[in-house]
Number of protein chains: 2
Amino acid sequence: MVTKQDIKLIKSLNQKKYRQKLELFTVEGVKGIKEFLNSHYKLNRLYTTKQIFEAPSTKTLEISENELKKISSLKNPNTALAIFEIPKSKNTNSHGLIVALDDVRDPGNLGTIIRLCDWYGIKDLVCNHSTVDCYNAKVVQATMGSLTRVNITYINLVEFMLNYSGDVFGTYMNGENIYSADLPNEGIIVLGNEANGISAEISSIIDRRITIPQFGKSKDTESLNVANATAIVLSEFRRRTIET
Amino acid sequence: MVTKQDIKLIKSLNQKKYRQKLELFTVEGVKGIKEFLNSHYKLNRLYTTKQIFEAPSTKTLEISENELKKISSLKNPNTALAIFEIPKSKNTNSHGLIVALDDVRDPGNLGTIIRLCDWYGIKDLVCNHSTVDCYNAKVVQATMGSLTRVNITYINLVEFMLNYSGDVFGTYMNGENIYSADLPNEGIIVLGNEANGISAEISSIIDRRITIPQFGKSKDTESLNVANATAIVLSEFRRRTIET
């Protein structure tokens, strides 16, 4: 049976401060839970309406649909909810491409960017502390399991960049044309906030400003959404590695 | 004053069948409304809490915040709501790149794809009838004004493709590597449904299957979301036009 204490714990994990304090987060749905169970993530507790998971029975509680509704934060709860431990971040590898996020606020955007990192084989994603928490339930949902394959670290981005020996790239409206720019297979690629782009402080330590040129002719066109910009930038960096 | 009839009309426009019958749709928010006012779209009626728009006074009704709340479908209504006429689609230009959508269902995805078409100078977007309606309020919101600059037509996609003389491209998991494929500056690019990709019927008349290769090594990685795939595919097609 789901106790009041269970409900209280699970609801508290909707808040970043409790996730950080307890070092726990929730995952909902069969596919997502299976991906986390098959990864290095450690299960804390599994609440499920069906015994379809390969999880230790000591950590599994069979519950009713009604109980699932009480603990789920989804409109249409899907079979199960699991609590996993937030792992310690591994050290960021200083080789290869690193994606850095400066104040990305939208959970859907972060989730999509994590998925893109997974697709394009980016092992390290570093975020400054104002970027949305990657263990936010909406982010976890949007990553479709990619969270288990990308090493995400929340850091002081300025310090990290200052200690980095390679080139730091940033996306701007008025930089080098990304299609003709010389792009290495190592470096940091910084993407900025949805409304304001990359902050002035971070901008001051960017080595190379790159731009996705606009082909349509209207001056009213909004700049690309940060997730789409990430898709195009990663595509361009990776393309070069197979052509050379 | 907003009448009951106004409210009834505006609410009915949340449904596709009434939008099609009345040939009207709604736009909310200052920026969006201004973009439509500055375009070829014809205003039917403007409900606003502030006189900040350049619109004929005969078609403008000043309303209170409370009245705006009654007609808005947003949680946080923003200043105004406008009703515009749905224009007749222009003939699709047979030159240049055309994007075709086969059963894209998510309003956010369609909105993002329209924005990408605008950015990459794609003038024509053709959709089969099962693709979400581009005058759906969520789509209009997500396009950030790009809807005024892309010609969108709902058609029988199979017939359209059969009558087209150039190459028809489709995105698949097992086609030619897009980065090394020869890509022309004319053609139709087909993108498919979020869960099922391109349908069997449409697939049978695709000339060239292209693939965005995966660089990460996990077999569990989900395929790219259709909006991100569109971003990368349009980026690749357009890049070639500046290199040659």
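## Strand pairing around β9 of chain A

In this predicted model, strand β8 (residues 168-177) of chain A and β9(A) form a parallel pair over three bridges, where strands are DSSP runs of E with at least two residues, helices are runs of H or I with at least four residues, and both are numbered from the N terminus; two strands are taken to pair if DSSP finds at least two bridges between them. Within this pairing, V168(A) stands opposite I188(A) in β9(A). Strand β5 (residues 97-101) of chain A also pairs with β9(A) in the parallel sense, over five bridges, and there L101(A) is the residue opposite L191(A).

Strand β9 itself, residues 187-191 of chain A, is mostly covered, with four of its five residues buried. A residue is called buried if 20 or more other C-beta atoms lie within 10 Å of its own, exposed if 12 or fewer do, and partly exposed in between, with C-beta atoms placed from the backbone.

## Basis of the description

Residues are numbered from 1 along each chain as its sequence is written, while chains are lettered from A and ligands numbered from 1 in the order in which they are written. Because the model is predicted, local features need pLDDT of at least 70 and side-chain atom pairs count only at pLDDT 80 or more, whereas totals for chains, interfaces and linings use all residues.

## Overall form and domains of chain A

Chain A contains nine helices and ten strands, and its C-alpha trace spans about 60 × 40 × 35 Å along the principal axes. Of the 244 residues in chain A, 40% are buried. Among contacts in chain A with a separation of 6 or more, 75% join residues 24 or more positions apart, a contact being a pair of residues whose C-beta atoms, placed from the backbone, lie within 7 Å.

The chain is divided into domain 1 (4-85) and domain 2 (97-243), with bounds that come from an automatic or database domain assignment. The C-alpha centres of these two domains of chain A lie 30 Å apart, and twelve residues of domain 1 are in contact with six residues of domain 2. On the domain 1 side of that contact, α2 (16-22), β1 (24-28) and α3 (30-37) of chain A each supply at least two residues.

N136(A) lies in the loop between β6 (124-128) and α6 (137-143) of chain A, and it counts as partly exposed, with 18 C-beta neighbours inside 10 Å. N136(A) and F25(A) are 111 residues apart in sequence, yet their C-alpha atoms are 7.8 Å apart in space.

## Helix α5 in the two chains

Helix α5 of chain A (residues 107-119) has 13 residues and reaches 18 Å from its first C-alpha to its last, close to the 18 Å expected at 1.5 Å a residue, where the expected span is 1.5 Å times one less than the number of residues. Eleven of the 13 residues of α5(A) are buried, so the helix is largely enclosed by the rest of the structure; the buried residues include N109(A), R115(A), D118(A) and W119(A). The helix is followed by G121(A), whose phi is positive, near 65°.

In chain B, helix α5 (residues 107-119) contains C117(B), which is buried, with 27 other C-beta atoms within 10 Å. C117(B) touches V99(B), I122(B), L125(B) and V150(B), not counting residues up to four places away in sequence. The C-alpha atoms of C117(B) and A231(B) are separated by 8.8 Å, although these residues are 114 residues apart along the chain.

## Nonpolar core

The largest nonpolar core has 130 residues, of which I189(A) and I189(B) touch the most other members; such a core is a set of buried Ala, Val, Leu, Ile, Met, Phe, Trp, Tyr and Cys residues joined through C-beta atoms within 7 Å. The largest share of this core, eight residues, comes from helix α9 (residues 226-243) of chain B. With residues up to four places away in sequence left out, I189(A) touches L97(A), V99(A), A100(A), F169(A), V233(A) and F237(A).

## Relation and contact of the chains

Chain A is superposed on chain B by a rotation of 180° with 0.0 Å of shift along its axis (RMSD 0.0 Å), using least squares on the C-alpha atoms of residues with pLDDT of at least 70 in both copies. That is the relation of a two-fold axis. The same surface serves both copies, since 100% of the contact residues of chain A recur in chain B.

The contact takes 31 residues from chain A and 31 residues from chain B. On the side of chain A that touches chain B, α5 and α9 (226-243) of chain A each supply at least two residues, and α9(A) gives the most, with eight residues.

Definitions and conventions: Contact = placed C-beta atoms within 7 Å.
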